[in-house]
Amino acid sequence: MNRCDAACAGDRPRYLGFGLGLRPQHYREILDGEPDVDWFEVITENYMVPGGQPLRMLERIRARYPIVMHGVSLSIASTAPLDRDYLRGLRVLAERFAPEFVSDHLCWTGVHGVNLHDLLPVPYTREALDHVSARVAEVQDVLGRPFALENVSSYVEYTHSEMTECEFLAELARRTGCWLVLDVNNVFVSAFNHGWDARTFFDTIPRDRVVQFHLAGHENAITHIIDTHDALVPDEVWDLYVHAVDRFGAVSTIIERDDDIPPLADMVAELSLARRIASERRPGLAPVS
Amino acid sequence: MRVGSRLKGGLDWLRFHEMTKGERTSAEARETPTLAQIQDAFQAAVLGNGDLFLRHIRSGARADRHTLLGVYQNAYLARLVGILKSEYPHLSNYMGDELFGAMTRRYLTAHPSRHRSARWVGDRLPEFLARDRVRAAHPVLQELSEFERALGNAFDAAEAPELTVAEMTTVPLELWSEIVFSPHPSACRLDQAHNTFAIWQALKDGTAPPPVQRQSEVIPLLIWRRHGMPIARRVSPEEAMLWDEAVRGAPFGRLCELSAVFAEPGSAAVRVANVVRGWLDGCCLTHAGLPAIASTTL
């Protein structure tokens, strides 16, 4: 049976509206106020701890908002064996907090037991596609809930890749039924660094597999762009977001800030621009219930 | 991508066309690295062990491949040193960026992360500092790192019920001598040979830390989590001894005997009761029970 037909991938996650990446700096403001945020994406590993404040805060925030669990350590494309302990921990956390879906990145983070704590790109080969597809299926089986993968920013392309990144993602989604998180900034960064067309990337991804957009900022080093996620979403990424909204429609969206975290009000103000763009491009966009 | 383009530059085309199919497959296999080989080479390059990986990547649209690989190499250390800085904020502040950066780079070379979560990247830093060359000149650094690690561990230690004074008042008097205590999972005891706690306190308050002074007797500390936040308290040598023995399973009666040896015997039971009361008030304990029936909660 084609895995797209299998129930393991689950129903398409519902549309969540406009959210933010949850950061500890904002816990108090979120709980004390009523920020205009529809949902939060949480970094999974921050809550894979024995106990204490992180888990208590997440419990309180989860009671008021939908969440998505977004990991950085699954290392789905690594040739090292899947980390069963990590997967078990992921499942336990997901059972406790009932996220709308679980996501990670199409990347690898290390081999031989080492974790480089970076999201390293995959050579887009048939071998890699077979390898990642098999591991996605395993992850889906363990989690038993919708699972999505995100495109990473990359600085190198492999000489022996046999397809493009977007072709690889599209085929991976087709084979496994996994969902896709498209980081619009990452697409922009990789397109700039490698000299390919960012719009073609979006146009190659199947419309029905995309369940989330990320918006973020970067640093332009003239000859290449470094993905920093530590700045305002720049105009060129907003332009690309317009294209993404035109193609994919109502897709849950967050602004993801990983460093130089501004006050929550600033993040909410920036998020309102995403709302405005989406409502202008898609006037019929359903409100979040 | 067609097979020819993979072999281009690596093989003579004339020779390629003369090959049998089997030979071509074999040549292709030699030329095309496996996913595992690629990842081995990439990781080695990031960790600074050779540049064989360069052959597997293209130059970018505007930057050459050396520059682009350098992004990963530079980011690796910068990211992990940044993580260690956030795990050991006052140690890094005390050492300064240059010394802390050099020390943590040596640490990361000796101990590449094997943790899924970056939270634990610095878990072995105190043990590393105990052996590192910087310790000879600055012995206080190891104690400072050990203290910050204990605070970090207390912050996200496992949850456990907090044993209360009210619960203990229900214990029949005749059983008191037999009961043993279980510490809260966040609790940890440290001894410091220097005025490290005072240095840390000054750093935390944003004031100038006092000069390092070796103490005539160690300074015992108790560290745990209360109301969600880690706290540290300097304790007396007698309380430190009682805590250590209690954690090892000594019942209340034995604690009183030890206390009687430690100081004035006549008031030993009262002193131990007061210490235990302090632990209960501070939410340092999670359980009390009879050792003969290990799981029995009073």
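**Salt bridges over the whole structure.** A search of the whole structure, which is a predicted model, finds 32 salt bridges over all chains, a salt bridge being a side-chain nitrogen of Lys or Arg within 4 Å of a carboxyl oxygen of Asp or Glu. Residues are numbered from 1 along each chain as its sequence is written, and chains are lettered from A in the order in which they are written. Local features need pLDDT of at least 70 and side-chain atom pairs count only at pLDDT 80 or more, whereas totals for chains, interfaces and linings use all residues, and side-chain values use heavy atoms, with hydrogens and water left out.

**A salt bridge within chain A.** Arg126(A) and Glu162(A) meet through their side chains in a salt bridge, at 3.2 Å from N to O. Because Arg126(A) lies in helix α4 (residues 126–143) of chain A and Glu162(A) in the loop between β5 (147–150) and α5 (165–176) of chain A, the pair ties together parts that are 36 residues apart in sequence; helices (H or I, at least four residues) and strands (E, at least two) are DSSP runs, numbered from the N terminus.

**The contact between chain B and chain A.** Chain B gives 48 residues and chain A gives 51 residues to the contact, where contact means heavy atoms within 4.5 Å. The area buried between the two chains is about 4400 Å², with 57% of it from carbon and sulfur atoms; buried area is the accessible area (1.4 Å probe) that two parts lose on being put together, summed over both. Leu35(B), Tyr72(B) and Arg116(B) supply 20% of the area that chain B buries against chain A, more than any other three residues. Four salt bridges are counted between chain B and chain A, and Glu159(B) forms a salt bridge with Arg56(A), in which the closest N and O atoms are 2.9 Å apart.

**Helices α13 and α14 of chain B.** Helix α13 (residues 237–247) of chain B packs with helix α14 (residues 252–262) of chain B at an angle of about 150°, their axes being 10 Å apart; axes are lines fitted to C-alpha atoms, for helices over the stretch in contact, and angles run from 0 to 180 degrees between N-to-C directions. The helices α13(B) and α14(B) are therefore roughly antiparallel to each other, a term for angles over 145 degrees. Among the residues that make this contact are Met241(B) and Leu242(B) of α13(B), and Leu258(B) and Phe262(B) of α14(B).

Note on methods
Parallel < 35°, antiparallel > 145°, perpendicular 65-115°, else oblique.
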